[in-house]
Amino acid sequence: MTGIAVRYDGRHKSQDWLDALAQHVSFVDLCPEVDAGHPVPRPPIDVYLTPSGTMELRESLDGIDKSSAIRSLSLKWKGHLSRTPVDGVVLKAHSPSCAIDNAVYFDAESGRSSGRGPGMFAKTILSAHPSLPRADEQQLQTAEHRMRFKAEVLVHNRLRRNQLAAGDCLPLRRLVEGICPEGDPLELVDYTNIKAAVGRLSRAELSTVNVWPDGP
């Protein structure tokens, strides 16, 4: 989404609004499928669920199982995020590896569609780090949602630095105002939702992740 061509079809899905977000955070570019050794371009893959509930990633056309490398990479990053300063993740909607909740699932035996859910990489990472602010590019198409996400990332950062208490309402608004560029509709920010998100962040969860050294 940052303009690097890593999609299965050899293209990219660049998102212009990420440039504005980059003024406040440092990005770590990651494509689980490419980092797991899959080429660009490559055959598309789908998510299959076995009768035991195991998730598999198979090539769409010939059914070759590609799960092993991506599963290993997911587990590697699961541990890596416990030691690496990360305050939020932007994931790819509908991706079999990165979707937050809308990857299409198929039954491993019948091949029929069996619902939707997180991609393999996203499921591993987000279940291990439930306090981590997350969004996909479809959820960040409006100024309101982008402001809310930036606020949640900043609050996540400050909470882990012990520079903000979960019940601090006035400092929360000042933090959001500080990251609001000229022209952004600050009045659209829903502080009720942000405070609710802050309330869900537990100290136990936050203590497992470090903060960006040059974070916001």
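1. **Overall make-up.** The chain has 8 helices and 6 strands. Helices (H or I, at least four residues) and strands (E, at least two) are DSSP runs, numbered from the N terminus. Along the sequence they follow the pattern α-α-β-β-α-β-β-β-α-β-α-α-α-α.

2. **What kind of model this is.** This is a predicted model: local features need pLDDT of at least 70, side-chain atom pairs count only at pLDDT 80 or more, and totals for chains, interfaces and linings use all residues. Residues are numbered from 1 along each chain as its sequence is written, and side-chain values use heavy atoms, with hydrogens and water left out.

3. **Burial and surface.** Of the chain's 216 residues, 42% count as buried. Buried means under 20% relative accessible area, exposed means over 50%, and partly exposed lies in between (1.4 Å probe, protein chains only). The accessible surface is about 11100 Å², and carbon and sulfur atoms hold 50% of that. These areas come from the Shrake-Rupley method with a 1.4 Å probe; for residues, only the protein chains shown count as cover.

4. **Contacts across the sequence.** Take contacts between residues at least 6 apart in sequence: 63% of them join residues at least 24 apart. Contact here means heavy atoms within 4.5 Å.

5. **The four-stranded sheet.** Which order do the strands take in the open sheet of 4 strands? The order is β2-β1-β4-β5, with mixed pairing. Two strands pair if DSSP finds at least two bridges between them. β2 and β5 (113-117) stand at the edges with a single partner strand each, so one side of each has no neighbour in the sheet. On average, neighbouring strands are turned by 40 degrees against each other, direction ignored.

6. **β1 beside β2.** Strand β1 (residues 45-49) pairs with β2 in the antiparallel sense, over 5 bridges. Ile45, for one, has Glu59 in β2 as its bridge partner. Helix α3 packs on this sheet and touches β1 and β2. The direction of α3 makes about 135 degrees with that of β2. Axes are lines fitted to C-alpha atoms, for helices over the stretch in contact, and angles run from 0 to 180 degrees between N-to-C directions.

7. **Helix α4.** Which residues of α4 (residues 120-128) are buried? They are Met120, Phe121, Ala122, Thr124, Ile125 and Leu126. Their cover includes α2 (32-35), β2 (55-59), α3 (67-80), β3 (89-91) and β6 (134-136).

8. Ser74 sits in helix α3 and is buried, at 0% relative accessible area. Leaving aside neighbours within four places in sequence, Ser74 contacts Met120, Phe121, Thr124 and Ile125. A polar atom of the Ser74 side chain lies 2.8 Å from the backbone oxygen of Ile70. Ser67 is also in α3 and is buried, with a relative accessible area of 2%. Not counting residues up to four places away in sequence, Ser67 touches Met55, Glu56, Leu57 and Met120.

9. **Cysteines.** How many disulfides are there? The count is 0, where a disulfide is a pair of cysteine sulfur atoms within 2.5 Å. Cys31 is in none; its nearest cysteine sulfur, that of Cys98, is 6.4 Å away. Cys31 is buried, at 14% relative accessible area. Cys98 is buried too, at 10% relative accessibility.

Conventions. Polar contact = N/O pair within 3.5 Å; in protein donor to acceptor, adjacent residues only side chain to side chain.
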